[in-house]
Amino acid sequence: GLEPSCVAVFRDELRALFPHDEDADRLWKQVFTLAEFMDKKAPGFKIPSFPASALVHVHCHEKSVLGKGSDKALFERIGLDHTPLDSGCCGMAGYFGYEAGKPHEVGRAAGERVLLPAVRKADATTLIIADGFSCREQIAQNTKRKGLHTAQVLQMALREENTRLRYPEERYVEEMKLKDPKARKKTAIALLAVGVIVASAVMAGWRKKQR
């Protein structure tokens, strides 16, 4: 899973909701973050050395549920000079930060404790790593930088020879967006269709089990 909060649903909440379900028990044991998967299931995968500098904002669910040891191991594996920020919550706080009526200044103040000032002070060639979607949104809304996901950092290691790219997110975030509105619409419809199929299959299995 790429989004820590989504992975946490399967690793923590699933077991709480279905404590005696064998399928749930099997599933939570097979769900990993990307860094965990690379660390535990693909230790022999060859990743080129990428000795860039990076600031790392660790997602709240990684701290409380998932653990952050695999991220550290992965970054060390590619030679990344990384600095984890003691930043606590980014301030967006997932759904809290998107819900109407929530005090914007509370979330902004949380981000201004450590994360946002550190991002603003970072050199243009320093990678800003944040695996959480809402964490990256907080960074994008309140600084001139954009966060990179660990998957994008690995992509850089595989593709780039230059470890001192200025504002690397311009290539690995901005240029990867779908610019064609028709392509965006087709992608959204396809994702919706897949979601409906998966949800239908899950519900069918649940009903069968209930019978």
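Reader: Which residues does Leu 127 touch, not counting those up to four places away in sequence?

Author: In this predicted model, Leu 127 touches Phe 50, Ala 52, Ser 53, Ala 54, Leu 55, Leu 80, Leu 148, Val 153, Met 156 and Pro 168, with residues up to four places away in sequence left out.

Reader: What about the largest nonpolar core, how many residues has it and which have the most contacts inside it?

Author: The largest nonpolar core has 23 residues. Leu 80, Leu 127 and Ile 129 have the most contacts inside it.

Reader: Which elements each supply at least two residues of this core?

Author: Helix H3 (34–40), E1, helix H5 (69–77), E3, helix H9 (150–159) and helix H10 (169–174) each do.

Reader: And which gives the most?

Author: H9, with 4 residues.

Reader: What other core lies apart from it?

Author: Another core, of 13 residues, lies apart from it, and Leu 85, Met 92, Ala 118 and Ala 130 are among its residues.

Reader: How many bridges join E1 to E2, and do they run parallel or antiparallel?

Author: There are 4 bridges between E1 and E2, and the two run parallel.

Reader: Stepping back, how many helices and strands does the chain have?

Author: It has 11 helices and 3 strands. From the N terminus on, the order is α-α-α-β-α-α-β-α-α-β-α-α-α-α.

Reader: How much of the chain is buried?

Author: Of the 211 residues in the chain, 36% are buried. The chain exposes about 12900 Å², and carbon and sulfur atoms supply 58% of that.

Reader: What share of the contacts between residues at least 6 apart in sequence joins residues at least 24 apart?

Author: The share is 67%.

Reader: New topic: where is Lys 146?

Author: Lys 146 lies in the loop between helix H8 (133–142) and H9.

Reader: Why does Lys 146 count as partly exposed?

Author: Because its relative accessible area is 27%, and partly exposed covers values between the 20% limit for buried and the 50% limit for exposed.

Reader: What is Lys 146 in contact with, leaving aside neighbours within four places in sequence?

Author: Lys 146 is in contact with Ile 128, Ile 139, Ala 140, Glu 169, Val 173 and Glu 174, those neighbours aside. Glu 169 is 23 residues from Lys 146 along the chain, yet their C-alpha atoms are separated by 6.2 Å.

Reader: And where does Ala 93 lie?

Author: Ala 93 is in the loop between strand E2 (81–84) and helix H6 (104–113). Its relative accessible area of 37% makes Ala 93 partly exposed. The C-alpha atoms of Ala 93 and Gly 107 are separated by 7.5 Å, with the two residues 14 apart along the chain.

Reader: Last one. Which residues make the nonpolar surface patch?

Author: Val 9, Phe 10 and Leu 27 make a nonpolar surface patch of about 220 Å². Val 9 is found in helix H1 (residues 4–17), and at 35% relative accessibility Val 9 counts as partly exposed.

Conventions:
Residues are numbered from 1 along each chain as its sequence is written. This is a predicted model: local features need pLDDT of at least 70, side-chain atom pairs count only at pLDDT 80 or more; totals for chains, interfaces and linings use all residues. Side-chain values use heavy atoms; hydrogens and water are left out. Patches are made of residues with over 30% relative accessible area and no salt bridge: like charges are joined within 9 Å, nonpolar side chains (Val, Leu, Ile, Met, Phe, Trp, Tyr) within 5 Å. Accessible areas come from the Shrake-Rupley method with a 1.4 Å probe; for residues, only the protein chains shown count as cover. A salt bridge is a side-chain nitrogen of Lys or Arg within 4 Å of a carboxyl oxygen of Asp or Glu. Buried means under 20% relative accessible area, exposed over 50%, partly exposed in between (1.4 Å probe, protein chains only). Two strands pair if DSSP finds at least two bridges between them. Contact means heavy atoms within 4.5 Å. A nonpolar core is a set of buried Ala, Val, Leu, Ile, Met, Phe, Trp, Tyr and Cys residues joined through side-chain atoms within 4.5 Å.
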